Amino acid sequence: MKFTIEQSKLVDVVNWVSRSLSTRPIQTALLGIVIDAEGNKVVLSGSDLETASRATTDADVATAGKVLVPGKLLADISRSLPNKPVTIQLDGTRVLVNAGSAKFTLPVLPINEYPNLPEMPEALGTIDADLFNQAVAQVSTAAGKDDSLPSLTGVHVEVNGENITMAATDRYRLAVRELTFNPARPNTEAVALVRARTLHDAAKTLATSKNRVPFTVDARYAQNFKGFVDELESLGYEIKTMSSHRPGSVVASTGRPSYHSAGMAIDINPDKNPHIQGEAGKSFDQSKTEFRREQVSALAAKYGLGWGGDWQSSK
């Protein structure tokens, strides 16, 4: 991979994507930013598994390629470069960054460990960025802060025709805001519950744009996840979902947030899990169906999900 890009463009896309990076990610790969160079475009993307950011800009691509580099380090380097064309080149297990007399080296992270980010759904329409930010700010203040009641930490977003209604409550106060947008098609309808903090951060970032921005609601992930769990249960498997884990909990051995508490993982036939067998307060129904890897893996692939791994050892 090798391409040349203007320093100002590099700073813009890196700053945008780095907003989605977590300081305490579930896995090390999530500390990174993916750089994908192809044709005359460079696409940067990043995620903390809750929010994903993607930015595309023009560049002179000499050799196409894809690499994962530490996001914070890339952001610091891009801001310190002189205002000259920047050449970024993959050299074995490192990435070379040159601009004039400035030269930096970035280590490469294992891109095969980076999760597949969801494709951007088709936009329902466009909305004024500043108006959207104001509406979200007014409503999100009423959302709950207690993660043990996750449904109250969100903003209910309902789209009906040209109207968007946002509502949030912590049981003691209620905030509702209605606004209009330009739908791509008439009679557009959609409903979603979005974490207030995530929606607020995204809206605040978009407010820097002076243009109208695309707006969409996509519930495919939740629908796929539910469909997968429903089919497993119909086959007789015992399932432990994220509701069995305290929201925001961390893995003791790593100190990082749990996949389960993030809503990104389930346990199948937990009575066979050596990590939790025999612990006080841990009781699960005996599995009705013996686990079959090929069957479950095929079902996961059907819904666009992946295999997380086997139980390794007991505590």
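Lys72, Asp76 and Arg79 are linked in a network of salt bridges. By salt bridge I mean a side-chain nitrogen of Lys or Arg within 4 Å of a carboxyl oxygen of Asp or Glu. This is a predicted model, in which local features need pLDDT of at least 70 and side-chain atom pairs count only at pLDDT 80 or more, whereas totals for chains, interfaces and linings use all residues. Residues are numbered from 1 along each chain as its sequence is written, and side-chain values use heavy atoms, with hydrogens and water left out.

Between Asp76 and Lys72, the N to O distance is 3.3 Å. Between Arg79 and Asp76, the closest N and O atoms are 2.9 Å apart.

Where do Asp76 and Lys72 lie? Both are in helix α2, residues 71-80, and they sit four residues apart, about one turn of the helix. Arg79 and Asp76 are three residues apart in helix α2, which again comes to about one helical turn. Helices here are DSSP runs of H or I with at least four residues, strands are runs of E with at least two, and both are numbered from the N terminus.

Next, accessibility. Buried means under 20% relative accessible area, exposed means over 50%, and partly exposed is in between, with a 1.4 Å probe and protein chains only. Is Lys72 buried or exposed? Lys72 is exposed, at 62% relative accessible area. Asp76 has 33% and is partly exposed. Arg79, at 46%, also counts as partly exposed.

The structure holds six salt bridges. One of them joins the side chains of Asp91 and Arg94, with 3.1 Å from N to O. Asp91 is partly exposed at 33% relative accessible area, and Arg94 is partly exposed at 38%.

Now the totals. The chain has six helices and 18 strands. Of its 315 residues, 39% are buried. What share of contacts between residues at least 6 apart in sequence join residues at least 24 apart? The figure is 67%, where contact means heavy atoms within 4.5 Å.

Last, the surface. The chain exposes about 17,900 Å², and carbon and sulfur atoms supply 50% of that area. Accessible areas come from the Shrake-Rupley method with a 1.4 Å probe, and for residues only the protein chains shown count as cover.
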